[in-house]
Structures are given as C-alpha cells and as structure tokens.
Amino acid sequence: MKKIVLAIDIGGTNTKIGLVTKEGRILGVKVFETRAKLPYKNFMQKLEEKVNMLLNEHNAFFRIEAIGVGAPNVNILTGNMENPPNLNWGTSVPLTKSIEEIWKFPTIVANDANAAAIGEMTFGMAQGMKNFVMLTLGTGLGSGIVINGQLLTGEHGLAGELGHTKVDPYGRQCNCGLRGCLENYVSVTGIKRTVFELISEMTEDSPLKKLSFDDLKGEMIAEAALNGDPIAIKAFELTGEILGSKLADSVAHLDPEAIILAGGLGNAGDILLNPTVASMEKNLFTAYKGKIKVLISKEPSANSILGPAALAINNLTYSS
C-alpha cells in the first residue's frame, strides 16, 4: 500500500484538497467554495465532507501518513490562523487542532505562500535555490521567503507578510484594517479595483465596462489585455509598476536569487511580468541591477496543492 499525504489549500475564494505521493504526483483533487463569510464550523463541515469523498475514492490503494495545510495568516508556531483578513472566522482560528481532531493524522500548517515556497523548492522552479521570494497573487497577496535554504518564519511565526507593506498611506482600504496595502493593488481583487477606476477615467470602448465587479475575473482582464483592450493593458501596466517597485524594496532587504510569482494573477504571464521587471529594475539599488530573476511558476494550477503536500512530506522527513 503506497504512502501518500493529504494537501489542503484554503483560499479566500476556493479551497483545494489533493492526495499527493512523496514524489509529487497528484492522485486526485477536489475544489469547493470556501464561503469565507459563513462561520468557520460551516467550512470545517464542508472540508470534512469533501476530504472523506476523496479518501473513499482512493483509500483501497493508498495510506495517508500526514496532512499539510496552506492558509492565510497562519502562525506556523501555534497552528492558528490569526486575523485572516479575507476570512470572516474570528481573530484566532485553531486550524491544526480542528483538522487533527477529525482525521487523527500528523498535521503541519503554514501561511499559504510559505507552503507554496516549500512546494517550489521541493518540486518546482526553486529546486537548488537557497534564497528566493514566493508571491501568490490570488484573492489577496501571500508571500513566502526562503533564506539560506530555510523558510523565514520570524520571532512570532508570521514573517513575510509583504502583502501588507505600504503602497500609499492614504490609499485603498484593506480588509486588515490598514490603508494602502500592497495586496489591494497587486492581487486579483486589486487589479479588479484598478480596472473599475480606469473605467471611470478612460473613454475607450471595452467589453469590461459591461461587467459587474463580482462577475469580473482576473482571467477576463488578462484575456482582454491580450486582445488589445486599452483598459486591461493599462491595468496590468499600473499593477506591474506597483509590484516592481515593492519587489525592489524586498531585494534590498533580502538579496534573493529569484522572485517567483504564482496564483491567479500570475497566470497572466508576460502581460504582468514585463511591466513588473521594468519597474523593479528601475527602482533597484545599482548593486542589484540585472541580477535578480523574476519567474512565473510553471505549474500554477498544481502549485496550491504541491505546496501543502511538500510541507507534510518535509515534516515527515525531518521528524523520522
């Protein structure tokens, strides 16, 4: 019977669960709406239902050894989600305890972008790298930082919240309570807000003008930009300009080999990458110019599953 791990990725919009081998082969995946505005107990009931469905489909052939979870604002030291800004579940959510009470497997949890960073280092583009930054550009903006081959966790287990660094102290209101946070400009939600601001300012015709905020998706903006839509193109230019300038700040702090982008907005590819790199290079301290790679994760759809899986696999390796 082959040994596998259960991977859980909790996002502000959707939650993904998957069964993964130690070699990184994904055996099965299920996706469901997180429904972040409903109570936490509702989410856990849905999670249990979907995980048990997945296990029933594969249990005859495989045995789970551990569970890895990526989620917003996780304190890796306590296993709790602390004040997750896009989830209406309270100030401290006992994630590890809740999961272990149901399935009784050893469980390790981390910030979703920290999990993604470990996934890239174990299975993806960061194999062999010892210093890099991972950004997940989804509903919000997550970040994971690896220094000298180790995940940077910090004194309180919460290091690397680049999404809540300041772009504009008088800027957009963030769900975290602050104003002008980076994730309000550089995320799927952020670029949607930029599009609607541009719609009010630009007279050019655009199919995006016919959509409501809730109906507008990041993929639609990317597709419109590829088709030459001036509003979508401008939205990506502005987004890349802001992201690049803040990446230049991160380079000054960390001197990474690479910055890797993943998540919904990362799927836009060169439409986002080109203005981001141009802005970063423009704002870099001279000593770093031309030295820092900015990469798009090769498997963005698998990344959210392989990240938590890598957490579980590495935890087993270190504890055995």
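Which residues does Thr-165 touch, not counting residues up to four places away in sequence? They are Gly-180, Cys-181, Leu-182 and Lys-246. To touch, or be in contact, means having heavy atoms within 4.5 Å.

This is a predicted model: local features need pLDDT of at least 70, side-chain atom pairs count only at pLDDT 80 or more, and totals for chains, interfaces and linings use all residues. Residues are numbered from 1 along each chain as its sequence is written, and side-chain values use heavy atoms, with hydrogens and water left out.

**View 1. Thr-165 sits in a loop.** The loop runs between strand E11 (150-151) and helix H4 (188-201). Helices (H or I, at least four residues) and strands (E, at least two) are DSSP runs, numbered from the N terminus. Thr-165 is partly exposed, with a relative accessible area of 27%. Buried means under 20%, exposed over 50%, and partly exposed in between (1.4 Å probe, protein chains only). A polar atom of the Thr-165 side chain lies 2.7 Å from the backbone oxygen of Leu-162. Phe-213 is 48 residues from Thr-165 along the chain, and their C-alpha atoms are 25 Å apart.

**View 2. Asp-229 is buried without a salt bridge.** A salt bridge is a side-chain nitrogen of Lys or Arg within 4 Å of a carboxyl oxygen of Asp or Glu. The nearest side chain of opposite charge is Lys-209, 8.6 Å away. Here Lys and Arg count as positive and Asp and Glu as negative; His and the chain ends are not counted. The Asp-229 side chain does make a polar contact with the side chain of Ser-206, at 2.6 Å. A polar contact is a pair of N or O atoms within 3.5 Å; within protein, one must be able to donate a hydrogen and the other to accept it, and residues adjacent in sequence count only if both atoms are side-chain atoms. Leaving aside neighbours within four places in sequence, Asp-229 is in contact with Asp-205, Ser-206, Pro-207, Leu-208 and Ala-224.

**View 3. Asp-229 caps the N-terminal end of H6.** Asp-229 lies in the loop between helix H5 (218-226) and helix H6 (230-254). One of its side-chain oxygens is 2.9 Å from the backbone nitrogen of Ile-231. H6 has 25 residues and reaches 35 Å from its first C-alpha to its last. That is close to the expected 36 Å, which is 1.5 Å times one less than the number of residues. Just after H6, Asp-255 takes a positive phi of about 50°.
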